[in-house]
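Dear colleague,

Please find below the structure that I am handing over to you. My notes on what was found in it follow directly after.

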Amino acid sequence: MTALNTNARIAVIGAGAMGAGIAQVAAQAGHPVLLLDNLPGAAAQAIDGIDRQLVKRVEKGKLSDEARKATVSRLEAVEAIEALADCELIIEAIVENLEVKRALFRQLEGICGEHCILASNTSSLSITSIAAQLSHPQRLLGLHFFNPAPVMALVEIVSGLASDPALAECLYDTANAWGKKPVHTRSTPGFIVNRVARPFYAESLRLLQEGVADCATLDALMREAGGFAMGAFELTDLIGHDVNYAVTCSVFDAYYGDTRFLPSLIQKELVEAGRLGRKSGHGFYNYAEGAERPLPTFISSKQTVATCTAEGDLGIANALIQRLRKHRIDVIQRDGQGLLRVGDAVLALSDGRMAGQRAKEDGLRNLILLDLVADFGQSTRIAISCSAGISPDALEHGVALLQQAGFTVSLLSDSPALAVLRTVAMLANEAADAVLQGVASAADIDLAMRAGVNYPQGPLAWADAIGPAHILNVLENLQASYGEERYRPSLLLRRRVAEGRTFHD
């Protein structure tokens with residue numbers, strides 16, 4: 001089955017921000033679109049709002065006035081559900097309530113023709129469950145857009161237990177024709193994005209709870225070292241803690257209390273205090289007028305470094321050698337176990353062990369561990385931790401080396417896998433389990449996380465670049481440090497390492 005023809009009439013039920021955005025997307029793609037809301041006049045107001053937004057785009061030179069007029073002309077507000085009888089696709093974007101959605105689709109089934117595709121924009125409810133009471137459950141699927149729908153590229157095509165695969169392909173092709181980036185997913189809790197993204201929030205929240213670093217520093221590391229658009233604290237402040245916490249609790253409950261999805265007591269306290277983020281004026285940060293935003297911490301050195309030694313293969317950090325040379329530091333290369341030496345300091349990419357533990361077990365005095373960065377040749381900030389009892393001179397030399405290479409250096413308390421590495425390892429681990437459980441393909445998961453939440457790389461492609469064996473080692477060391485199931489490595493990750501394969505082989 002191919003994409004719906006642009007002559008096909010589309011209906012959107014729910015004229016809120018999401019429903020109006022979906023209607024705009026379909027109309028811009030050339031479809032006649034009916035917009036229905038149970039609040040009288042709401043659909044017409046939504047179309048007026050779409051027009052105002054498009055006028056602004058015309059004024060900025062991003063859209064022709066002819067295209068604006070054509071889009072708006074395809075939008076029609078209707079007041080009765082019976083007006084949707086001849087539509088070929090109906091998308092609901094109403095309240096996230098299972099019984100309300102079930103009732104709506106039962107009503108639609110009695111109004112629409114048998115060839116009409118029914119779709120839900122739900123972000124959290126089971127498509128299988130919504131469809132269970134229909135006479136023809138095979139024609140109901142999920143069509144999950146991300147907010148704002150006209151801007152965000154990702155659309156999750158969600159198949160329930162009874163969903164017709166041919167209709168899933170039709171919606172995939174249709175979303176693609178609308179200029180979106182569709183992915184297929186099975187109807188499991190959180191689908192792809194809301195499941196795989198949980199560790200991004202959870203690991204920063206845990207590091208904060210353990211006093212490893214403050215919010216501003218952890219956010220800066222996620223942005224400037226990890227390459228993410230925002231850190232976990234500024235992002236949850238933007239989303240709203242009531243919303244983000246509720247999603248985490250929903251996924252946690254849906255997976256029968258799996259500790260990998262454990263909600264944070266810190267976020268719970270914010271919700272209880274009414275500190276919901278930007279919308280309430282206070283969350284992790286204070287948004288009151290005149291409030292000062294805390295700055296990330298960093299450590300600096302007054303030393304200068306002329307030479308260092310690279311021993312063996314540094315793995316994904318190999319690009320650091322060329323970077324050091326570009327900054328006129330002489331790098332002597334010799335065989336060894338993947339270390340950098342400068343003065344009395346020993347620098348190594350974290351393998352998930354704490355610095356003190358690794359220094360003792362590997363016999364490395366004055367050990368400084370390096371966190372993962374998105375690009376060892378270009379990233380501007382890096383986190384380090386060091387073993388207890390490191391000499392001040394060794395720490396000075398290690399910081400000086402990184403500083404001269406152009407890094408802002410943030411010193412964290414000694415914690416397993418630091419910040420960016422533990423977050424990426426857990427994202428990759430969750431993505432691997434999603435592939436293992438048949439939720440989606442590795443390619444679709446990586447695309448979903450790039451297009452849906454703007455990750456710098458898909459988590460499985462990132463794991464391939466780092467090396468699945470290194471990711472497995474990091475997770476095993478994290479699990480050993482905490483003694484928790486939360487950090488258990490995915491069976492698929494273990495399998496890939498045993499087979500010597502990557503996730504995209």
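Tyr256 counts as exposed, at 79% relative accessibility (buried means under 20% relative accessible area, exposed over 50% and partly exposed in between, with a 1.4 Å probe and protein chains only). Tyr256 is not a glycine, yet has a positive phi of about 55 degrees. The residue sits in the loop that joins helix 11 (241-254) to helix 12 (265-273); helices (H or I, at least four residues) and strands (E, at least two) are DSSP runs, numbered from the N terminus.

A word on the basis of these notes. The model is predicted, so local features need pLDDT of at least 70 and side-chain atom pairs count only at pLDDT 80 or more, while totals for chains, interfaces and linings use all residues. Residues are numbered from 1 along each chain as its sequence is written, and side-chain values use heavy atoms, with hydrogens and water left out.

Two further backbone features deserve mention. Ala417 also has a positive phi, near 65 degrees, in a residue other than glycine. Ala417 is buried, with a relative accessible area of 0%, and lies in the loop between strand 15 (408-411) and helix 16 (420-436). The peptide bond from Asn147 to Pro148 is cis, with omega near -5 degrees; Pro148 belongs to the loop between strand 6 (140-145) and strand 7 (154-159).

Turning to the whole chain, the protein has 20 helices and 15 strands. Its 505 residues would give a compact globule a radius of gyration near 23 Å, and the chain has 26 Å, which agrees (the radius is taken over C-alpha atoms, and the globule rule is 2.2 Å times the number of residues to the power 0.38). The C-alpha trace spans about 80 × 50 × 45 Å along its principal axes. Of the 505 residues, 54% count as buried. Among contacts with a separation of 6 or more, 68% are between residues 24 or more positions apart, where contact means heavy atoms within 4.5 Å.

Which residues lie nearest the centre of the largest pocket? They are Phe146, Asn147, Asn194, Ile239 and Val243, out of 45 lining residues. On a 1 Å grid over the protein atoms alone, a pocket is an open set of points with protein on both sides within 12 Å along at least five of seven lines, a cavity is a set where a 1.4 Å probe fits but cannot get out, and lining residues have an atom within 4 Å of a point. The volume of this pocket is about 1200 Å³; grid points are joined across faces, edges and corners, and a volume is the space filled by probe spheres set on the points. Helix 11 supplies the largest share of the lining, seven residues. The lining divides into 27 nonpolar, 14 polar and four charged residues (Ala, Val, Leu, Ile, Met, Phe, Trp, Tyr, Cys and Pro count as nonpolar, Asp, Glu, Lys and Arg as charged, and the others, Gly among them, as polar).

The search of the whole structure also finds one cavity of 30 Å³ or more. The largest cavity has a volume of about 50 Å³, and its lining includes Leu314, Gly338 and Leu370. Strand 12 (residues 345-349) gives the most to that lining, with three residues.

Yours sincerely
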